[in-house]
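Subject: Structure handover

Hello,

Please find the structure below, for you to keep open while reading. My notes on it follow.

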Amino acid sequence: MNTTLLRRVRPRHSRLRHSRLRHVGIAGLAIATSLSAGNVFAYGAGDWFTHFGIAKVSPKSDNGNFDAIGVDRIDVDDESGFAFTLGYRFLDNWGVELLAAQRFKHDVSLDGTEMASTKHLPPTLTLQYYPLGGTQSRVQPYVGAGLNYTHFSDEKVDGGSLDMDDSWGAAAQLGVDLLIGDHWSLNAAAWYLDIDSDTTATIGGKDYDTTVHIDPVVVMGGIGYRF
C-alpha cells in the first residue's frame, strides 16, 4: 500500500470514529435528559406538601332527636368553605397529613324548621399510604386513617341557649394527586369523620340533653404544592 492510499484511508477512519462518538454522546444526553425529566415526578420520602381548595362538609341525614322537648328529628345542613392541608412523606409509600379549614357554619333544623346554628373547626390528622409512591407515575392515589377533633362555637337556638361539647372521633381518607409539574399538582380528596357531640339546650331555665350525630363526608378539590 503506497503513502497516497494511506492518506486517503486514515481520514475516513477518523471521520467514522468521530461520527460514532458523536452519536454515543447524543444518545447519552437523551437518556440523561429523560431520566432527569422522570425524576421530577418521583414524589416520595422527604417531601413536604400542601393542598388547598374548597371543601364541602355534608353531615349524614337525620342527626338525632330532642325527645325531651318534643323534637323527633335534628338535621344539620351542608356547608362549604376554604380548607388546606399540610403533609410530610417520611417514606416513599407512607406519610402524614393534617387537614385544617376556616370555621364552617351550619344551620340546624328541628322537625324541618330552621331553629338553631353552630360553627365548628374540624382539624384531622391521618396516616397515609401511597401505593405508587417513589415511582414516576403522574397519578398518585392514597388512602388514610386517623383522628378527628372538632371544636364547636357560637351555638344558637331560638328561645334559649345551646351548648355543644367538642368531639373526638375516627377519620378515614381517600384521595388522588395528578402531578402537573415539579412542584404543582391537581388534588381531589374525601374524608369520613366520626363527629358526635353531647348537646345541651337550655329553654325556660331548664336543661335538656341529647347527642347530635353529625358524621359528615368532607369532599375537597384544589391545588397541591410540593416544597
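I start with Thr210, which counts as buried because its relative accessibility is 14%; buried means under 20% relative accessible area, exposed over 50%, and partly exposed in between, with a 1.4 Å probe and protein chains only. Before going on, note that this is a predicted model, in which local features need pLDDT of at least 70 and side-chain atom pairs count only at pLDDT 80 or more, while totals for chains, interfaces and linings use all residues. Residues are numbered from 1 along each chain as its sequence is written, and side-chain values use heavy atoms, with hydrogens and water left out.

Thr210 and its surroundings

Thr210 lies in strand β13, residues 206-213. Helices (H or I, at least four residues) and strands (E, at least two) are DSSP runs, numbered from the N terminus. The side chain of Thr210 comes to 2.6 Å from the backbone oxygen of Asn65. Not counting residues up to four places away in sequence, Thr210 has contacts (heavy atoms within 4.5 Å) with Asn65, Phe66, Ile74, Ser197, Asp198 and Thr199.

The chain as a whole

The protein chain holds one helix and 14 strands. It has 227 residues, and 36% of them count as buried. Of the contacts between residues at least 6 apart in sequence, 66% join residues at least 24 apart. The chain exposes about 12400 Å², and carbon and sulfur atoms supply 60% of that; accessible areas come from the Shrake-Rupley method with a 1.4 Å probe, and for residues only the protein chains shown count as cover.

Strand β5 and its partners

Is β5 enclosed or open? Five of its seven residues are buried, so β5 is largely enclosed by the rest of the structure. On one side of the pairing list is strand β2 (residues 74-76), joined to β5 by three bridges and running antiparallel to it; two strands pair if DSSP finds at least two bridges between them. Ile74 stands opposite Leu110 of β5. Strand β6 (residues 113-121) also pairs with β5, in the antiparallel sense, over seven bridges. In that pairing Leu110 is opposite Thr113. The hairpin of β5 and β6 has two residues between the strands, and Asp111 takes a positive phi near 50° there.

His106 belongs to β5, which spans residues 104-110, and His106 is buried, with a relative accessible area of 3%. The His106 side chain reaches the backbone oxygen of Asp77 at 2.6 Å. The side chains of His106 and His120 are joined by a polar contact of 3.4 Å. A polar contact is a pair of N or O atoms within 3.5 Å; within protein, one must be able to donate a hydrogen and the other to accept it, and residues adjacent in sequence count only if both atoms are side-chain atoms.

Leaving aside neighbours within four places in sequence, the contacts of His106 include Val57, Pro59, Val76 and Ala116. Val57 sits in strand β1, residues 48-58, and is buried at a relative accessible area of 2%. Val57 and Ala190 are 133 residues apart along the chain, and their C-alpha atoms are separated by 9.9 Å.

Strand β7

In β7 (residues 124-129), Thr124, Thr126 and Gln128 make up a covered face, while Leu125, Leu127 and Tyr129 make up an uncovered one. In a regular strand the side chains alternate between the two faces of the sheet. Strand β4 (residues 94-101) runs antiparallel to β7 and is joined to it by six bridges, with Gly95 opposite Gln128. Strand β8 (residues 139-157) is also antiparallel to β7 and joined to it by six bridges; Asn148 in β8 is the bridge partner of Thr124.

A nonpolar surface patch

Which residues form the nonpolar patch on the surface? They are Phe52, Ile54, Phe82, Phe84, Val139, Val176, Leu178, Ile180, Trp184 and Leu186, with about 860 Å² of accessible area together. At least two patch residues come from each of β1, β3 (79-89), β10 (167-179) and β11 (184-193). Val139 is in β8 and is partly exposed, with a relative accessible area of 40%.

Regards

How values were computed:
Patch = residues over 30% accessible without salt bridge, like charges linked within 9 Å, V, L, I, M, F, W, Y side chains within 5 Å. Salt bridge = Lys/Arg side-chain N within 4 Å of Asp/Glu carboxyl O.
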